[in-house]
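User: I would like to learn how to read a fold from its coordinates. Can you take me through one example?

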Amino acid sequence: MPAARDPGLQPERTRMAWRRTTLACAVVAVLAGRQALVGGDRPVAVLALAAIGLLWLALLAVAHRRIRLLAAPRPPVLSPRAAAAAAWCAVLLSAVGLGVLR
């Protein structure tokens, strides 16, 4: 039988890191959405706003799932698929945000 996991502060720090990441992405999404609506062509702005919202929701879903899994006594390792999804959401959100600025 495996030894009981030391609860320590590591899971709490990881949960807080996921929350900070989603908060930072929310701020980026709001600022990029504002910029799209203020300075862009209306159909393009709506499309950019939809993309920003979907990417943020996808990142939020990955983060929420990971936060829930961290509550287990022995949380599973972050899957490569979830890590790739989170990374791609962040990269694409940044790309859409940069595209809105131009």
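Predicted model: local features only at pLDDT ≥ 70, side-chain atom pairs only at ≥ 80, totals over all residues.

User: How many helices and strands does the protein chain have?

Analyst: Helices (H or I, at least four residues) and strands (E, at least two) are DSSP runs, numbered from the N terminus. Here there are 3 helices and 0 strands. The pattern along the sequence is α-α-α.

User: Why does the span of helix 2 agree with its number of residues?

Analyst: The expected span is 1.5 Å times one less than the number of residues. Helix 2 has 28 residues, so it should span 40 Å; its end C-alpha atoms lie 41 Å apart, which agrees.

User: What share of the residues is buried?

Analyst: Buried means under 20% relative accessible area, exposed over 50%, and partly exposed in between (1.4 Å probe, protein chains only). In this protein chain, 25% of the 102 residues are buried. Helix 2 has buried residues including Ala48, Leu55 and Arg66.

User: Which residues touch the most other members of the largest nonpolar core?

Analyst: In soluble globular proteins, nonpolar side chains tend to be buried together. A nonpolar core is a set of buried Ala, Val, Leu, Ile, Met, Phe, Trp, Tyr and Cys residues joined through side-chain atoms within 4.5 Å. The largest one here has 18 residues, and Trp18 and Ile52 touch the most other members. Helix 1 (10-39), helix 2 (42-69) and helix 3 (80-101) each give two or more residues to this core. Helix 2 gives the most, with 8 residues.

User: What is Ile52 in contact with?

Analyst: Contact means heavy atoms within 4.5 Å. Leaving aside neighbours within four places in sequence, Ile52 is in contact with Ala29, Ala32, Gly33, Leu93, Val96 and Val100. Across the protein chain, among contacts between residues at least 6 apart in sequence, 75% join residues at least 24 apart.

User: Is Thr22 buried or exposed?

Analyst: Thr22 has 12% relative accessibility, so it counts as buried. Thr22 sits in helix 1. Not counting residues up to four places away in sequence, Thr22 touches Trp56, Leu59, Leu60 and Ala63.

User: Where is Pro75 found?

Analyst: Pro75 is in the loop between helix 2 and helix 3. Pro75 counts as partly exposed because its relative accessibility is 21%. Pro75 and Pro11 are 64 residues apart in sequence, yet 9.0 Å apart in space, C-alpha to C-alpha.

Technical notes
Residues numbered from 1 in each chain as written. Heavy atoms only, no water.
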